[in-house]
Amino acid sequence: MTSAVSIIVTLSIIIIVSPYFARITRIPTTPIEIVLGTVMGYFHFLGENYLFELIAEVGFFYLMFLAGAEVNLRTLLRMQNRVKVRGLIYLALLYLLSYITVRSIDFDPLFTLFLPLISIGLIVTLYKEYGKETEWLNLSMQIGVLGELVSIVALTVTGAILEHGSGIELYETLGLLVIFLVGLAVVFKLFQVLFWWYPELKTYLIPVDWDKDEKDIRLSMALFFLMIAIMLVLDLEVAFGAFIAGVFIATFFEHHRQLPHKLSTFGFGFLVPIFFVHIGSTLKLDALAQDGLVLLAGMITFSMIAIRMLSAVAFYKILNLREGILFALSHSMPLTLLVAIASLGYHSHKINQYEYYAFIVASLMEVIIVMVAIKMITKRWPKVSEG
């Protein structure tokens with residue numbers, strides 16, 4: 001067992017140096033944190049420790065909370081009908097092609113839920129380089145929000161299946177999930193009416209102006225932990241509860257535009273990196289030498305990119321060929337959710353260590369391949385061809 005002091009010092013160093021490595025390599029910080037975690041784990045600076053695992057788990061829940069904070073249900077409902085319909089067709093094609101791929105390649109049936117995952121976490125980073133006036137990227141974010149909602153539900157259902165199998169307990173859990181979702185819809189509607197009648201209540205709870213008591217952070221954290229407690233009582237997937245707490249903040253307190261930034265500053269500066277470093281430390285560097293592991297990771301990566309390329313045909317009248325390829329690529333790096341669901345499958349013994357390692361490696365390969373591909377396409381395939 002690695003000493004607590006060694007873990008604390010190593011974590012501190014990784015958190016500090018990761019952004020600098022990311023700038024040098026022009027790769028997002030998250031994959032760098034995973035790689036550094038793997039390297040430090042190989043040299044025994046990181047290892048098994050209860051507090052390390054506990055804080056990493058809290059970091060994951062906070063990551064799901066931040067993902068939810070990007071989802072404003074009102075914006076989602078205001079989406080143009082033609083975009084919404086095509087988005088649903090796109091998602092349906094993703095799951096259909098995923099099923100066909102899994103059956104064709106003889107993957108584990110659980111992979112059907114892994115391959116179509118969508119996470120908007122790294123899509124946000126693309127805005128920094130390509131701007132918010134980019135049509136394909138804006139559409140990617142809109143559909144990504146819808147896709148992440150579906151992916152989070154898939155994560156929750158998968159968690160229930162992995163924990164309870166296919167017996168009566170599974171149906172009880174799924175029934176409880178449906179009841180919870182209906183109750184949640186009622187609660188959201190009640191708050192919508194409440195804030196419509198008393199709009200000043202929003203600014204009372206979360207002031208826009210400077211507040212020495214930081215009521216915005218306090219309320220956000222209260223909702224975060226309250227939803228975690230509710231999910232623990234109901235024995236549902238805790239990550240789903242954290243996500244819902246974030247959605248509530250984004251939907252009802254959009255008047256405080258700096259709040260998501262304040263929340264993410266704390267998360268990505270402290271808790272979230274610990275989660276990714278921990279994931280990296282669980283990936284043994286020696287595993288890369290295992291026969292066929294890199295090949296399996298490559299097959300997973302290729303499959304995930306390919307089904308998105310094919311599914312993007314749903315937007316053929318909205319996006320041209322260049323934009324369609326860029327759109328598909330932007331959805332091909334669901335690193336956070338892929339790592340999360342792989343961890344869930346591994347700890348529940350539904351996928352073995354070999355497959356777990358393959359998914360972690362695939363998640364890293366996707367980010368590198370996609371980031372390089374998008375940069376090359378935007379530079380060498382001019383916009384003249386659009387239209």
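Okay, let's start with E214: at 35% relative accessible area, E214 is partly exposed, meaning between the 20% below which a residue is buried and the 50% above which it is exposed, with a 1.4 Å probe and protein chains only. K262 counts as partly exposed too, at 30%, while D216 is buried at 3%.

Quick caveat: this is a predicted model, so local features need pLDDT of at least 70 and side-chain atom pairs pLDDT 80 or more, while totals for chains, interfaces and linings use all residues. Numbering runs from 1 along each chain as its sequence is written, and side-chain values use heavy atoms, without hydrogens or water.

So what links E214, D216 and K262? A network of salt bridges, where a salt bridge is a side-chain nitrogen of Lys or Arg within 4 Å of a carboxyl oxygen of Asp or Glu. E214 and K262 have their closest N and O atoms 2.9 Å apart; E214 sits in the loop between α10 and α11, K262 in helix α13, 48 residues apart. For K262 and D216 that distance is 2.8 Å. D216 is in helix α11 and K262 in helix α13, so this pair ties together parts 46 residues apart in sequence. Helices here are DSSP runs of H or I, at least four residues, numbered from the N terminus.

Last stop, helix α12, residues 238-252. Its 15 residues reach 22 Å from first C-alpha to last, close to the 21 Å expected, which is 1.5 Å times one less than the number of residues. And is α12 mostly covered or open? Covered: 15 of its 15 residues are buried.

Notes. Helices (H or I, at least four residues) and strands (E, at least two) are DSSP runs, numbered from the N terminus.
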